[in-house]
Amino acid sequence: MKKKNRILAGALGCMLLCSSPAGYLVAASEQPQTQKIENSAKDPIQTQEAKQAVLPEDLAPDYNDPDYVKMQMPAEQTAASETPFSLRSIEAVTTKSPYTGLVYTHGAQFSDGSIINGIDVSKWQADIDWKKVKAAGVKFVFIRCGYTALSKDFAMYEDEYFRKNIEGAYQAGISVGIYFFSNSITTNEAKKEAQKTLDLIKNYKSMITLPVVYDFEAFSNAYRAYGLSKEQVTKNTIAYADIIQDAGYTPMYYGSPNFLGSSFDVAKLTAYDCWLANYTTQTSYKGDYTYWQYSSTGHVDGIAGNVDCNFYYTGGDGELTPPEELDPEDFAEGLGPVSGLRMEDNDMDYITIQWDALEEADGYKVYRSKSYGGTYKQLKTINWNEVTAYTDDMVIKSEGRQYFYKVVPFLLDEDGNLKYGEESDILTANTLRQHAFRLKTTANIHLRRQAGTEYESLVVVPSGTGLPFFKFTLATDDKKWYKVTYSKNGKAYTGYLSGSYVTIYTYGNTTKDVNVRTGAGLAYKVQRKIPKGTKVTMVGSSVTVAGTKWSHVKYTLKGKNYSGYIPTKYIKQT
């Protein structure tokens, strides 16, 4: 598996490669669908979505801008699927959008997570009062940074309101994602679009906590990429996403149900999140998605004219209820558990887990705990049987830290009720260790079987014992436990030591001649200068008010032992 492959990554501090443009993902032959009701005069969805785009005053038409062209296309009225997805049920969650006034039915598989309101914008919303938008309840926004023009020749442009929008949204406290409206025909053009995206957003990286979206739409002959094969669209999507991902962002792709089916090989895109565009109050889409763009004609205080409205589904606040506390009717007899649960990849800031597909399941829920015996909270609902991997990039960036995972399969019965399968065994996974860390006990301390005082003591480790540690975890949100192996009388014991009774240190070499000071900061007195390549032991760290990191180090010069503080950036850990 490719390193840092953000498989279904999630959290409103993280995801979206499927962003739709600032409103109106629709076209003559393929655009977000609305559900047709026989008496159209009484159909609020049809009435709303069929409206012509309402634009702010003083914006000149631009038929070379793909977002503008899309906004001129009336929303397609399509009949409901003959075999509707089984989520139409009283068990499904419903919410009323404050921006359309309509009630929306969400899939039962999202019922134990959180549903967050957001929008997406481009220049066609013109000047936005972001403080009013925030006050209106908007939690996130996808902002168009640029687009490829509809001209025959390949030409890319920056959205002229991009910088104003991202700065305004960020200052208002709204989470930000990005989309680029693609019209690439070749893989090379898609790569150029990715690089253009990175060039546009490079000064705003700290502001972007949601995905960066490949918004490819070519559903009429007005678009230069119209008629591109499914194979080529898929190759272009992957080419764009991989460059975005390698730059440290979470990629995502975007599309309506018909367009996803006709123009994308979705089975080859399971490594990325999807942004679904479906203008209806209850989607019948069966595939996996993390965001749902449900309307292009919302009205939000602070924005003149129409704006796209979205739901973001996150399981971050959901908790795994122990099986004995669930109603027996909530279980599907004989479903699960999944097999082959394993850690597939890891780094200092992400863990990827994987499992074998369960043929009879409709999807899976992924749960995580920070400690072996702790509370498991839901991370992700996966709506595809074939998607059997998840990248957790919401871990705290640190080396060797442990996390604990469970996967629970589910299915949806004929009435749309969600039925849980048997939960998996616990998977212990860890962030990557790149350096050699050691600890020293500061008291006689019990080595316990798991991280917590409630677990059995295997042996007592004497005060002053120095040991390398493999990983660390938490028994509570603030108490660390370290996994070590300790030998006594020829027998090796592997267990956990409480962080309350150990001192942690690691080794490194100075990368230049550097002054050692009496404290963490340039205001402190210089003790001496030590030469490049001096071996140091780091026993602590500090951060100054200005944000500079300093390490408390011990070192030996000419046979004498010393200690002091040097900037961490001048130490290469070994």
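## The chain at a glance

Take the contacts in the protein chain between residues at least 6 apart in sequence: 68% of them join residues at least 24 apart. Contact here means heavy atoms within 4.5 Å. The chain has 574 residues, and 56% of them count as buried. Buried means under 20% relative accessible area, exposed means over 50%, and partly exposed is in between, using a 1.4 Å probe and protein chains only. You'll find seven helices and 34 strands in the protein chain; these are DSSP runs numbered from the N terminus, with helices being H or I of at least four residues and strands E of at least two.

A word on what you're looking at: this is a predicted model, where local features need pLDDT of at least 70 and side-chain atom pairs count only at pLDDT 80 or more, while totals for chains, interfaces and linings use all residues. Residues are numbered from 1 along each chain as its sequence is written, and side-chain values use heavy atoms, with hydrogens and water left out.

## The largest pocket

How much space lies in the largest pocket? About 730 Å³. Of the 24 residues that line the largest pocket, Glu 399, Phe 437, Thr 506, Ser 541 and Gln 573 are the closest to its centre. On a 1 Å grid over the protein atoms alone, a pocket is an open set of points where a 1.4 Å probe fits, with protein on both sides within 12 Å along at least five of seven lines; lining residues have an atom within 4 Å of a point. Grid points are joined across faces, edges and corners, and the volume is the space filled by probe spheres set on the points.

Several strands supply at least two lining residues each: S25 (466-474), S26 (480-488), S28 (502-510), S31 (535-543), S32 (549-557) and S34 (571-573). The largest share, six residues, comes from S31. By type, the lining divides into twelve nonpolar, eight polar and four charged residues.

In soluble globular proteins, nonpolar side chains tend to be buried together. A nonpolar core is a set of buried Ala, Val, Leu, Ile, Met, Phe, Trp, Tyr and Cys residues joined through side-chain atoms within 4.5 Å. The largest one here has 90 residues, and Ile 119, Trp 130, Ile 178, Ile 201, Ile 353 and Trp 355 touch the most other members. There's also a second, separate core of 15 residues, which includes Phe 437, Phe 469, Val 484 and Val 502.

Setting aside neighbours within four places in sequence, Trp 130 is in contact with residues including Ile 119, Val 121, Lys 164, Asn 165, Gly 168 and Ala 169. Helix H4 covers residues 162-171, and its buried residues include Asn 165, Gly 168 and Ala 169. After H4 comes Gly 173, with a positive phi near 85°.

Is Ser 97 buried or exposed? Ser 97 is buried, with a relative accessible area of 1%. You'll find Ser 97 in the loop between strand S3 (94-96) and strand S4 (103-105). Its side chain reaches the backbone nitrogen of Tyr 99 at 3.1 Å and that of Thr 100 at 3.3 Å. Beyond neighbours within four places in sequence, Ser 97 is in contact with Leu 102, Tyr 104 and Tyr 294.

Asp 308 sits in strand S13 and is buried as well, with a relative accessible area of 0%. The side chain of Asp 308 makes a polar contact with the side chain of Gln 293 at 2.9 Å. A polar contact is a pair of N or O atoms within 3.5 Å; within protein, one must be able to donate a hydrogen and the other to accept it, and residues adjacent in sequence count only if both atoms are side-chain atoms.

## Backbone details in the loops

Asn 489 is not a glycine, yet has a positive phi of about 55°. Asn 489 lies in the loop between S26 and strand S27 (491-498) and is exposed, at 77% relative accessible area. Lys 558, also not a glycine, has a positive phi of about 50°. Lys 558 belongs to the loop between S32 and strand S33 (560-567) and is exposed, at 89%.

Pro 337 is in the loop between strand S13 (307-314) and strand S14 (342-346).

Terms used
Ala, Val, Leu, Ile, Met, Phe, Trp, Tyr, Cys and Pro count as nonpolar, Asp, Glu, Lys and Arg as charged, and the others, Gly among them, as polar.
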